[in-house]
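Here is a short briefing for a first look. Keep the sequence and the 3D view open while you read.

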Amino acid sequence: MHAMIDEKTSTPPLLSIFILSSAALAYEVLLIRLFSIIHWHHFSFMVISIALLGYGVSGSFITLFRNRLLQHYKSVFIINIVLFGLSSIACFITIQQLPFNALEILWDSSQWQRLLLSYLLLTLPFLFVANAIALTMMRFNQQIPLVYGIDLIGAGLGAVFIMALLQILTPDTLLRVLAISGLSAGFFALSNFNKTQRRVTVSILLLSISGVFMMPQAWLDLHLSEYKGLSQTLLMKDVSLSHTHSSPISQTDVVQSPFIPFRNAPGLSLQSPVGPPEQLAVFRDGDEMTTIDHVTDNSSLEYHDYMSSALPYHVHPSTQNVLISGSASGAQILQAHSRKISTIDAVEPDKQLSRLITDVYAEYFDWQSLKDKVTIHAISPRGFAAAENNYDLIIMGPSGASSGGSAGVHALSTSYEFTIEALQSYLQLLAPDGLLSLTLWTSTPARGNLKLFVTAVEAMRQSGIDKPENNIAWIRSWNTATLLLKKDHLTTDEINRVREFSDSRNFDLAWLPDISENEVNRFQLLQIPVYYLTAKSVLDNSDTRFIRQYQYNIQPATDNRPYFNNYFKWSSLQEFLSLPGQTGISMIGVGYPTLLVTLAQATVAAFVLILLPLFFIRKQQNKSADRRGNIIIYFLTIGLGFLFIEIAFIQKFTLILSQPLYAVAVTLCAFLVFSGLGSLYVQYRLRTETAAAITVLLHRSILLIGLITVIYIVLLPLISNSIMVLPETVRILSAFILSAPLAFAMGMPFSLGLAAMQHNTPHLIPWAWGINGCASVLSAVLAVLLAIEIGFNGVMLCAVMLYFLAWRNGIKIAS
Amino acid sequence: MSAKHLIVGIFALLVCMHSGIPGADNYRVQRMNMISDIQDDVRRTERFINKKSFNAAVMQAMEKVPRHEFVPTELLSRAYENRPLPIGFGQTISQPYIVGLMTDLLHPRADQSVLEIGTGSGYQAAILSQLVARVYSIEIIEQLGNATTKLLSRLGYDNIKTHIADGYNGWPEHAPYDSIIVTAAISHIPPPLVQQLKKGGRMVIPVGTRFQTQYLTMVEKDLQGKVTTRQVLPVIFVPFTGGH
């Protein structure tokens, strides 16, 4: 194929690069979706993080074979495009055939081999894309900022494309679409080919596209882990899948089971004379089952009154208007309806879930009799809480199935629903006599509910409530706990109603203003009445010993550290690991250890990938050895810094945009596109100015990055609430405008570094590319780890420091 | 022995060697090792489960029941490891220590009848069958239930009756039960099961994801019919240890 090379080619295949980068980023996002469906979110995080090391591998690969590859640039470019297209689909199909069980990884060492194989397979598509881009930079070395800029802009728009496509196509179909898109990039790299060369290349591309297009659908069907709730449910007699919908947020499956009813009733009292009616099960990403009740008459809703979440309706029987936060498939709406509430506002960010009860299963759910009094808002609870309304009652949770929380699979997910600031905003929404009711699943040992209590007390104190002990009631069933908060003191009547409700349903009291020790732990016996002890300790201002000494992290979550579901505490690690068998690991939860394992794996791999080429380069070129240290530090620090800021902004924008999905799409798009423009600006400046311009631009861009980041750390918390209440399009526009100057500046250092190396150490450019790729992988994991420990503002400050470190080294590279 | 039998014997031996399938004696040794592992775990969790050892009868039952018969062929070599093992259909055969703990918590006696919700591999039912008069076991997955019924019959566990049904409603025909063991995931404790539990009876429910059983919930119905739940942790966890 190398006969096709035309050395006179002088224009980089920009359109190919654009399509390829776009497809690669879309593929990355798609893989996260696919693995979240077939396995679990935390596993998806680990696999994709490591797979991106393909960029690092590419750097090493090109460094080692630079001359040979450049000699055959056009052929190699096309081959890499074809390999990306084919491997993107083939690797996923192969991984699906591996008998990998993420849950068994702590018990079975052979699972690690399968995991390693998954890593290696998924690294391949990213390796091929990275090869194509890096080689183009090498081949067109006077236009590196231009190529890099187009790469970034393509990737940024790829983020938006994939989000849009996930709205209309299923993930398995998209796998095919992206493979074909990737392959089609080859058609735009045919300039300067002669007729024969063109014919051969087009034939190869068309053949590959046909192969992907005609691939049997069965090969692409998703094989969910057999341990997921949906897989197990589908094994039951006469069960059938009634409805499936895929969105960028989740895959929703509705299952009906006429033979064996689902009977989902979280924490239903043992004293309940009735059970739930016929139900449909709703699974999100094959797990986290919720249900849709079949509403026939009022008797079908009676069971709602025997759950701990019914408490506020008994404390305030005359409640008129209710806000339900996270209405999901409508259980809390029906609970409110059964209590004859006249106005119900429900908040559910996932439109698909709401559509199930208002449209797809409207008749089953009897939406007709609800629609006049229920309004469902497709926004996050925080976004809604920023508006000025007034409610007698605000209800939150429980959501999904109970097992996930205790297994710690959500430890890495951020949540702005249970932070101090969130609870403060809910309290503000309450009418003077209103109630805020929070129900969570219990776990053993207790952690989530204790953290919620600590957060609630702190929120009340920060809201100016001096003696929260008089404003709180807390009860628990065998697997749920309901916390009731009031802005004013609970009256004697209200306290008596809590007692009456709990006694009649065999729920345990965990806290009441006048509680006595012999009232707790009577029905659901805990070895230690840990709920009551926590409440007593936390409400006694002077005693923080309990929180400090508790084995889990139950410090309140904040908007800056919104990891409500992370309970990991380093000081308990040794104690847990000393437990018999694998139970210690189970106690820690899988989320945080996954992060640590991923970081360890990524660090080792990055270390090898960065140092390995040096071993070979030393033999070839000794002259540039003095700058290698600077190059490593420069490209590592700007790689880390870029992603630190980008990840922190995804979180900041989650709050502003009220939708994690928009936050990811908008942040990725804005940061990558504006960074791309920054890189194009570098190209523009370097065309007309001397090499000295590199140093000047480096100074200015890093100074700007530092300055704007620090300003945003202070500014964003102050303006977030004002932006949250604006119309959706204005919020998205605001996010773009806020990102623009920072991202523009952030697009320059990488291009400037490579442009400087083009003058001094051109043979090390692919190595620098690889270092930056490794840094990106490390940063994704490190940023989460740092955010958990020091918060996102801390992550942004670390980024500033990294950029300043880069500055010092960048100057040396440019000199 | 004919040459044909000899060849078959050699072939079988080779297959066993290749697949790591141990012989009967070897299984006995492995079973004893498993018992020893369980005893170690009991000692390590002593202060938590408030006992130095499980009931001797429970341990004898675990010594006797051939666990390797209840695991898939490809996992025979791991049958006696103190860990849960996958058995297909997204189900597991529980960790021997947990099986022992759950059985011990039920205080089984020779004259009792026990209801099990979730037959699974049949191993738990087989252990119980050694200790009580009758075991009634319900499985919701038809294929799994049928396979396990055949297995239990082949192994001669005649006092186990199995049924493919929805465990939520229990098995009213044979109620009331001295003990009930629920191994299925549930959002609430099914009232029919509480009703089918004798006064003074006990129900044990393991809670947690498969491969990560963390604690057991014990439902107790006292002689007056009052029902309480209690959590039993198979791990040491006490707040305020001050150990760090």
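**Helix H12 of chain A**

In H12(A), the buried residues are A:Ala331, A:Gln332, A:Ile333, A:Leu334, A:Gln335, A:Ala336 and A:His337. Buried means that 20 or more other C-beta atoms lie within 10 Å of a residue's own; exposed means 12 or fewer, and partly exposed is in between, with C-beta atoms placed from the backbone. This is a predicted model: local features need pLDDT of at least 70, side-chain atom pairs count only at pLDDT 80 or more, and totals for chains, interfaces and linings use all residues. Residues are numbered from 1 along each chain as its sequence is written, while chains are lettered from A and ligands numbered from 1 in the order in which they are written.

- Helix H12 covers residues 331–338 of chain A, and seven of its eight residues are buried, so it is largely enclosed by the rest of the structure.
- Helices (H or I, at least four residues) and strands (E, at least two) are DSSP runs, numbered from the N terminus.
- Contact here means that the C-beta atoms of two residues, placed from the backbone, lie within 7 Å.
- After H12(A) comes A:Lys340, with a positive phi near 60°.

**Other helices of chain A**

- Helix H7 (residues 171–184) of chain A has 14 residues and should span 20 Å at 1.5 Å a residue; its end C-alpha atoms are 20 Å apart, which agrees.
- That expected span is 1.5 Å times one less than the number of residues.
- Buried residues of H7(A) include A:Pro171, A:Leu174, A:Leu178 and A:Leu183.
- The buried residues of H7(A) pack against several elements of chain A, among them helix H1 (14–38), helix H8 (195–214) and strand E1 (240–246).
- The axes of H4(A) and helix H5 (residues 110–139) of chain A come within 8 Å and cross at roughly 160°.
- Axes are lines fitted to C-alpha atoms, for helices over the stretch in contact, and angles run from 0 to 180 degrees between N-to-C directions.
- H4(A) and H5(A) are therefore roughly antiparallel to each other; that word applies to angles over 145 degrees, with under 35 roughly parallel, 65 to 115 roughly perpendicular and the rest oblique.
- Residues making the contact include A:Phe77 and A:Phe84 of H4(A), and A:Leu121 and A:Phe128 of H5(A).

**Two single residues**

- A:Arg284 sits in strand E3 (residues 279–284) of chain A.
- A:Arg284 counts as buried, with 25 C-beta neighbours inside 10 Å.
- Leaving out residues up to four places away in sequence, A:Arg284 touches A:Ser250 and A:Thr252.
- A:Ala691 lies in the loop between helix H26 (660–688) and helix H27 (692–724) of chain A.
- A:Ala691 is partly exposed, with 13 other C-beta atoms within 10 Å.
- A:Ala691 and A:Ala756 are 65 residues apart along the chain, and their C-alpha atoms are separated by 7.6 Å.

**Chain B and confidence**

- Chain B has eight helices and nine strands.
- Of its 244 residues, 48% count as buried.
- The mean pLDDT of chain B is 83, and 82% of its residues reach 70 or more.
- pLDDT is the predictor's confidence in each residue, from 0 to 100.
- pLDDT stays under 50 over residues 12–20 of chain B and over residues 235–244 of chain B.
- Where pLDDT is low, the predicted coordinates should not be read in detail.
- For the complex, the predictor gives an ipTM of 0.76 and a pTM of 0.86.
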